[in-house]
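Please examine the sequence and the structure before reading on.

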Amino acid sequence: MAAEAQFARMNGLGNMILVVDMRGRADAVTPAAAIALNADPATRFDQIMAIHDPKVEGTDAFIDILNCDGTKAQACGNGTRCVVQALAAETGRKAFTFQTVAGILNAIEHADGTISVDMGKPVFAWDRIPLAEEFFDTSRIELQIGPIDAPILHSPAAMSMGNPHAVFWVDRDPMSFDLDRFGPLLENHPMFPEKANITLAQVTSPSSMTTRTWERGAGLTLACGSAACAAGVSGARTGRTDRKVAITVASSPNRGTLTIEWREDDHVVMTGPAEWEWSGTLDPSTGAFRRDETGAAAL
């Protein structure tokens, strides 16, 4: 295999992440490589986080994000935590600043191993989410699935966290819904010209909720950090919750928890864990890979 790059298989609350070290290189992980890697059970993933040399002064790296279908993603909160853990282990540093397509992200690893990522400011304007129709109030848009007189899902809150989101409020465990059936329809609904992440959210108290997400470009996912941010913000925006909530991710293997805080300065901060699984090398043009024989946690 030529032109190998180091990578680590990691997860954020079960969200399957490949962190690929592309620093010092002029090439990129190709869509074909992403599709090939996702096709192998050993490297199946939700997002690839490719670490490139910084493009902007004052940042530590540019992060190129790919979905498992080879398309580009603007944001991935769970993946960003994985990048922080990998770089913290490599450098001994705790604080990092990254550039992504969605903007600049600041992140810090805490003493207990959890990682906080400043996901930036939410966007509510209909044409910047974007939506295909104008809505003065995007906290409740006209969209439903099911019979018109008894819809299964309806009236989601729409917003962008660097990528478009629709949050549907439900009154029971989100795992009890056929999201694998509704998800593709809603992701590709004409209302969302750039598609959308679809989240079901059950509010369990003013400071807690449970969520499940169909992720744009990835499908049913065990966790989605930006969707948790969207749910937390939407809960506060609609008066359902406080501005700081503990979000139980229903589809996470351990129903793990993310803390989402929509601060008074309008920034959304997500705090949660990341976990290293194993490392190896791959060809970023084809996706051919091999696993390291050692058990060392490193890029």
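Q: What volume does the largest pocket have?
A: This is a predicted model, in which local features need pLDDT of at least 70 and side-chain atom pairs count only at pLDDT 80 or more, while totals for chains, interfaces and linings use all residues. Residues are numbered from 1 along each chain as its sequence is written, and side-chain values use heavy atoms, with hydrogens and water left out. On a 1 Å grid over the protein atoms alone, a pocket is an open set of points with protein on both sides within 12 Å along at least five of seven lines, whereas a cavity is a set where a 1.4 Å probe fits but cannot get out; lining residues have an atom within 4 Å of a point. With points joined across faces, edges and corners, and volume taken as the space filled by probe spheres set on them, the largest pocket has a volume of about 220 Å³.

Q: Which strand gives the largest share of the lining of the largest pocket?
A: The lining of this pocket has 19 residues, and Ala 102, Gly 103, Met 119, Met 161 and Gly 162 lie nearest the centre. Strands (E, at least two residues) and helices (H or I, at least four) are DSSP runs numbered from the N terminus. The largest share, three residues, comes from strand 7 (residues 103-109).

Q: How many charged residues are in the lining of the second largest pocket?
A: The second largest pocket, with a volume of about 160 Å³, has a lining that includes Arg 140, Asp 171, Arg 172 and Arg 240. Asp, Glu, Lys and Arg count as charged; Ala, Val, Leu, Ile, Met, Phe, Trp, Tyr, Cys and Pro as nonpolar; and the others, Gly among them, as polar. Beside five nonpolar and two polar residues, the charged ones number four.

Q: Is Gly 58 buried or exposed?
A: Gly 58 is found in the loop between strand 3 (47-52) and strand 4 (61-67). Buried means under 20% relative accessible area, exposed over 50%, and partly exposed in between, with a 1.4 Å probe and protein chains only. Because its relative accessible area is 62%, Gly 58 is exposed.

Q: How many residues does the largest nonpolar core have?
A: A nonpolar core is a set of buried Ala, Val, Leu, Ile, Met, Phe, Trp, Tyr and Cys residues joined through side-chain atoms within 4.5 Å. Val 19, Met 49 and Phe 98 are among those with the most contacts inside the largest core, whose residues number 49.

Q: How many residues are in the second, separate core?
A: Leu 143, Phe 168, Val 170 and Leu 200 are included in this core. The number of residues in the second core is 21.

Q: Which strand gives the largest share of the lining of the second largest cavity?
A: About 30 Å³ of space lies in the second largest cavity, and its lining includes Thr 211, Arg 212, Thr 213 and Ala 228. Three lining residues, the largest share, come from strand 14 (residues 208-215).
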